[in-house]
Amino acid sequence: MSIIIDSGMAQWDALWVHANIATMYGEEYGIIEDGAVAVRDGKIAWVGRSADLGDYYQAQMVHDCSGKWLTPGLIDCHTHIVYGGNRSNEFEARLNGVDYAEIAANGGGILATVNATRNASEDELFAQALPRVQSLLAEGVTTLEIKSGYGLDLESEHKMLRVARRIEQELPVNVRTTYLAAHALPTEYKDRADDYVDAVCEWMQPLAAEGLIDAVDGFCEHLAFSAAQMQRVFDAAKALGLPVKLHAEQLSDQGGAELVATYHGLSADHLEYLSDDGIAAMAKHDTVAVLSPGAFYTLRETQYPPLDAMRAAGLRIALATDCNPGTSPLTSLLLTMNMGCTLFRMTPLEALQGTTVHAAHALGLGEHKGIIAPGYDADFAIWQIDRPADLSYMIGFNPLVQRVCNGEISD
């Protein structure tokens, strides 16, 4: 692929040459050997073979990749990375034989995180999230989704979403925010789930008016909210013009995937108990399947997502860390890719698609990110690897050489 988008002499801000490029354009890796990528105004302006550049350009900076690999910047499309507190004590207790019911009765579980998040200031939440975000950026992540959902009241949900916006303002990363107040039932609404759903819908409007919500999510499960309750949340989102997504079919089949697909949802996430009807609905509406092998691993699950059926239906399949303090304290998207391959038997190609082009679609960014092509955002990563499969193959090793976000180098 070699495309010139200017007439006359091309004026570029920066140019990367002599890179092996996995463009992720098309059905395979979209490889260009000894390729070049030009950037102007934070966008990719030209992609092609280095040999085709000739003298047809002027670039303020030229970077020689010397045969290294260049891929789209990685995208973590499902995280709960802003939260207060630490639950390693529960992790240790469980391994010492204490069951979850006893932990919850003693104030543990998700409500422990809710209490810690409510009691933390914005500065404290930002400071706690910072090393988790930096861990992802150090592995080539250029776009990150951040959910609320540990506040469970208007003030605290507002606080979490402001922290998520601050992360994008202060760090070189693109952030998409997701409103997840329909995550769990807070203690003050005990036995009043429908009243709480009313509150979730009511809070949505002022938060959206402030520009803090890019999408709306919920947890559709027997221990959280029913499909009927989530439908009310989705109706409120639809009235505000907000796209929806859903934690669905993680522990049981509640029909959540089918529900979110009928709302043209961006994604359905987890999906271990996904049914054939859910698959068909997702395929019909191009709803992305987001898998979370970190949660599967941490919870020691045995029910696998129906990957073969998802493939057969042509679903886009994404991978995400699901970074959260309880079920997936994971801040490595490279390890997530390896888990997707070793636990779910995804291929390295599927794993890289799942953290680039398909992850972009899961965030509603499929026309802007996840592919190395002219007109797309200049988000890419440069790796010291022999082939793209190395990104999923190696465990605990980070081959990142350089990260470029919106056209700017960020080491």
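## Tyr304 and the aromatic pairs

Tyr304 is partly exposed, with a relative accessible area of 46%, where buried means under 20% relative accessible area, exposed over 50% and partly exposed in between (1.4 Å probe, protein chains only). The model is a predicted one, in which local features need pLDDT of at least 70 and side-chain atom pairs count only at pLDDT 80 or more, while totals for chains, interfaces and linings use all residues. Residues are numbered from 1 along each chain as its sequence is written, and side-chain values use heavy atoms, with hydrogens and water left out.

A pair of aromatic rings is described by the distance of the centres and the angle of the planes. Here rings of Phe, Tyr and Trp (its six-membered ring) pair if their centres lie within 6.5 Å, and planes under 30 degrees apart count as stacked, over 60 as edge-to-face and the rest as tilted. The count by this rule comes to ten aromatic pairs. One of them joins Tyr304 and Phe344, whose ring centres are 6.5 Å apart and whose planes stand at 85°, so the pair is edge-to-face. Because Tyr304 lies in the loop between helix 10 (293–298) and helix 11 (307–312), and Phe344 in helix 12 (residues 333–344), the pair ties together parts that are 40 residues apart in sequence; helices (H or I, at least four residues) and strands (E, at least two) are DSSP runs, numbered from the N terminus. Phe344 counts as buried at 7% relative accessibility, whereas Tyr304 is partly exposed. Elsewhere, one aromatic cluster is formed by Tyr189, Tyr196, Trp203 and Phe225.

## Helix 3 against helix 5

The axes of helix 3 (residues 110–119) and helix 5 (residues 154–170) come within 9 Å of each other and cross at roughly 75°, which makes helix 3 roughly perpendicular to helix 5. Axes are lines fitted to C-alpha atoms, for helices over the stretch in contact, and angles run from 0 to 180 degrees between N-to-C directions; angles under 35 degrees count as roughly parallel, over 145 as roughly antiparallel, 65 to 115 as roughly perpendicular and the rest as oblique.

In this contact (heavy atoms within 4.5 Å), Thr117, Arg118 and Asn119 of helix 3 meet Ser156, Lys159 and Met160 of helix 5. By class, the contact of helix 3 with helix 5 has one nonpolar, three polar and two charged residues, where Ala, Val, Leu, Ile, Met, Phe, Trp, Tyr, Cys and Pro count as nonpolar, Asp, Glu, Lys and Arg as charged, and the others, Gly among them, as polar.

## Cysteines

A disulfide is a covalent bond between the sulfur atoms of two cysteines. With a disulfide taken as a pair of cysteine sulfur atoms within 2.5 Å, the structure holds zero disulfides. The sulfur of Cys201 has its closest cysteine sulfur in Cys220, at 14 Å, too far for a bond, and Cys201 is buried, with a relative accessible area of 19%. For Cys341 the closest cysteine sulfur is in Cys77, at 15 Å, again too far for a bond, and Cys341 is also buried, at a relative accessible area of 13%.

Asp34, in strand 2 (residues 31–40), has phi near 50°, a positive value in a residue other than glycine. Asp34 is partly exposed, with a relative accessible area of 37%, and touches His18, Ala19, Asn20, Arg49 and Ser50, not counting residues up to four places away in sequence. The C-alpha atoms of Asp34 and His183, which are 149 residues apart along the chain, are separated by 47 Å.

Leu152 also has a positive phi, near 60°, and is a residue other than glycine. Leu152 is found in the loop between strand 7 (141–147) and helix 5, and counts as buried at 0% relative accessibility.

Tyr29, in the loop between strand 1 (10–22) and strand 2, counts as buried at 16% relative accessibility. Leaving aside neighbours within four places in sequence, Tyr29 is in contact with Ala22, Thr23, Met24, Pro348, Leu349, Leu352, Pro388 and Ala389. The C-alpha atoms of Tyr29 and Asp322, 293 residues apart along the chain, are 25 Å from each other.

Pro243 has its place in the loop between helix 7 (227–239) and strand 10 (245–248), and counts as partly exposed at 31% relative accessibility. Its contacts, leaving aside neighbours within four places in sequence, are with Asp214, Ala215, Val216 and Leu266. Pro243 and His264 are 21 residues apart in sequence and 8.0 Å apart in space, C-alpha to C-alpha.
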